[in-house]
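Here is my note on this model, written as numbered points. Please keep the sequence and the structure open while you read.

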Amino acid sequence: MRKIIIIDDEPLARLIVKEYLQKHKDLEVVQECNDGFEGVKAIQQHQPDLVFLDIQMPKINGFEMLELIEQPPPVIFATAFDEYAIKAFEAHAIDYLLKPFNQERFDKAIQKWSEQNNTKQSEKNTQDLLETASLSPAQSQRIVVKSGSKIKIIPVHDVLYLEAADDYVKIHTKEGYFLKNKTMSHFEQVLDGLQFVRSHRSYIVNVQQITRIDPYEKDNHVAVLKAGTQIPVSRSGYGKLKEVLGL
Amino acid sequence: MPASPFSILRFRILFSIFWCAFIANQAVLLHWFGMPWDGAIIDSLITNGLLVLICLMLMNTFRYYLPKRDQFLSVFAICAGFAIAWLFLCQWLLNLTVKFYETSPDFLRRSLPIRFTIGQLILGCIAMVSALWYNWSEQKENEIRKADAEKLSKDAELFKLRQQLQPHFLFNSLNSINALIGMKPEEARKMVQQLSDFLRGTMRKEENQLITFSEELEYLKLYLEIEKVRFGYRLKTEMDIEEASLTWKIPSLLLQPLMENAIKFGLYGTTGEVTIGLQARVVDKHLVVAVMNPFDPDMQMPPGTGFGLNSVKRRLYLLFGRNDLVEVNKSQNSFIVIFRIPDINA
């Protein structure tokens, strides 16, 4: 028996997936989830072989949920209408179901999944997909992170600065920092360039938090934040900051 | 109200330089015709000082009251009138202050026609310049307003289109119907009916048509029924409608977008059960309607909801010319939009 999880905030949407699954005797629904928070827990607990995932859900969307899972399982996406999601799917040739869909189309997706049991490839695909999806306007307004077993949604204007830390990025806020398994250049691309400036190879700073910029050693500067924190500014970073601040 | 030309630094400098030069010029001229220096300077300062005051007054008047095209003759007459009044005031003041005129009164009397001509010329010029200035700034303002209005109507049209299509709502509803067909065909049939009635309502309604509040409520109920099928137990509504409000006339399609905002905001901004509240009362000859949804202050408004609220504000402003009809109350865990509709028959 292979394990299935269905994540959708509409009960009837989960029902139709279950109904279509009745034909596939070797697949068993181990859990249904109402939102991404339940979804993360269920996936970690059951390690499913396949997840049916809706995009638009309460608080965090389907993509943001997947970002929180270290080794995402194979996913069949189902959405009613979401321009950005559909663009992302098409860019990475990932199969998705447009609601409403019929049994035939559903069976095709299942067949594709069982043929493509080469998980290495699909995992790479999922990462690329999430990268593209995070450029959507809704997602560039917030950062979803996991701290311990809790899921935290950080509105971008609450971010003080970002700091590189090996394979992670430290997201500093007033309430302390959170780790996210992404690169600095990812954030540089996703965040609004007029609000967030890469002041240094290892730092991206929220310009609204800067109170002043002081010279530091010979060619360098430091940006002093409202809270008093000093952020290193490289020579090229200084140029970028000056441009954004209109100096 | 347009800005005065004095708001421009270059104009202020030019204006001051002109008058300094003019005052010096007149003093030299009077001296040339045989007046001692002290008398010539006092004369020039008094007469031109008064003239500057009149100029400023004229310019300020034009700021509030711009003459029409066919009124330029009367403007000219007003300038002449001011020039005469100025002349008599000058004559009186000069006789009081300048000793030279006590000994040679003829000098002053003979200079009066020249003074009058120059005064009138200057006042005429000032009147013309300010009329041109204020005409120009009014035109500029009109152009900006026109561009704004055009942009707004384009936005509104786009929004209306989006409202009508509501692809997300439509496809999800169809998906729910698809699920119901297998399990509960009777309910599927009912939902098809509700969805059709709802869509027909959206298409038929004109923007500025007035309907009764109870009609709008019927329409709203269709929408809520569909949403409740989609979201099941998660969506609850609490309605508290005063009897007197039912016959009140309101612009169509005003409540539904706000309710839709509230539902989207509530369902996608929080997890768990969501109760949407609707309250309607008649207070002080106004229909007061409050739409309430739970709210997580950490979450941003879902995209699109801001525009819905703004368009409601804008439409009420266009209909009633008042900015105080929509109010938004954000508290720790609820978001309330209150709008008031004046009695249209009154």
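1. Asp284(B) sits in the loop between strand E4 (274–283) and strand E5 (286–294) of chain B. Helices (H or I, at least four residues) and strands (E, at least two) are DSSP runs, numbered from the N terminus. The phi angle of Asp284(B) is near 55°, a positive value in a residue other than glycine. Is Asp284(B) buried or exposed? Asp284(B) counts as exposed because its relative accessible area is 68%. The cut-offs are these: buried is under 20% relative accessible area, exposed is over 50%, and partly exposed lies in between (1.4 Å probe, protein chains only).

2. **Ground rules.** This is a predicted model, so local features need pLDDT of at least 70 and side-chain atom pairs count only at pLDDT 80 or more, while totals for chains, interfaces and linings use all residues. Residues are numbered from 1 along each chain as its sequence is written, chains are lettered from A and ligands numbered from 1 in the order in which they are written, and side-chain values use heavy atoms, with hydrogens and water left out.

3. **Chain A as a whole.** Chain A has eight helices and 15 strands. Of its 247 residues, 52% are buried. Now take the contacts (heavy atoms within 4.5 Å). Among those in chain A between residues at least 6 apart in sequence, 53% join residues at least 24 apart.

4. **Where the chains meet.** The size of an interface is often given as the accessible area lost when the parts come together. Here the buried area is about 2400 Å², and carbon and sulfur atoms give 59% of it. That area is what two parts lose on being put together, summed over both, with a 1.4 Å probe. On the chain A side, Glu10(A), Leu12(A) and Lys59(A) lose the most area to chain B, together 26% of what that side buries.

5. A salt bridge is a side-chain nitrogen of Lys or Arg within 4 Å of a carboxyl oxygen of Asp or Glu. Glu10(A) and Arg230(B) form a salt bridge through their side chains, at 2.5 Å from N to O.

6. Lys59(A) lies in the loop between E3 and H3 of chain A. Its phi is near 65°, again positive in a residue other than glycine. Lys59(A) counts as buried because its relative accessibility is 16%. Lys59(A) is also one of the contacts of Glu64(A), beyond four places in sequence. Glu64(A) belongs to helix H3 (residues 62–67) of chain A. Why does Glu64(A) count as buried? Its relative accessibility is 2%. The side chains of Glu64(A) and Arg142(A) make a polar contact of 2.7 Å. Glu64(A) and Ile143(A) are 79 residues apart in sequence, yet 8.5 Å apart in space, C-alpha to C-alpha.

7. **A cis bond.** The peptide bond from Lys99(A) to Pro100(A) is cis, with omega near -10°. Pro100(A) is in the loop between strand E5 (96–98) and H5 of chain A.

8. **A buried Asn.** Asn48(B) is part of helix H2 (residues 37–64) of chain B. Asn48(B) counts as buried because its relative accessibility is 1%. Beyond four places in sequence, Asn48(B) touches Trp19(B), Phe22(B), Ile23(B) and Gln26(B).

Technical notes:
Polar contact = N/O pair within 3.5 Å; in protein donor to acceptor, adjacent residues only side chain to side chain.
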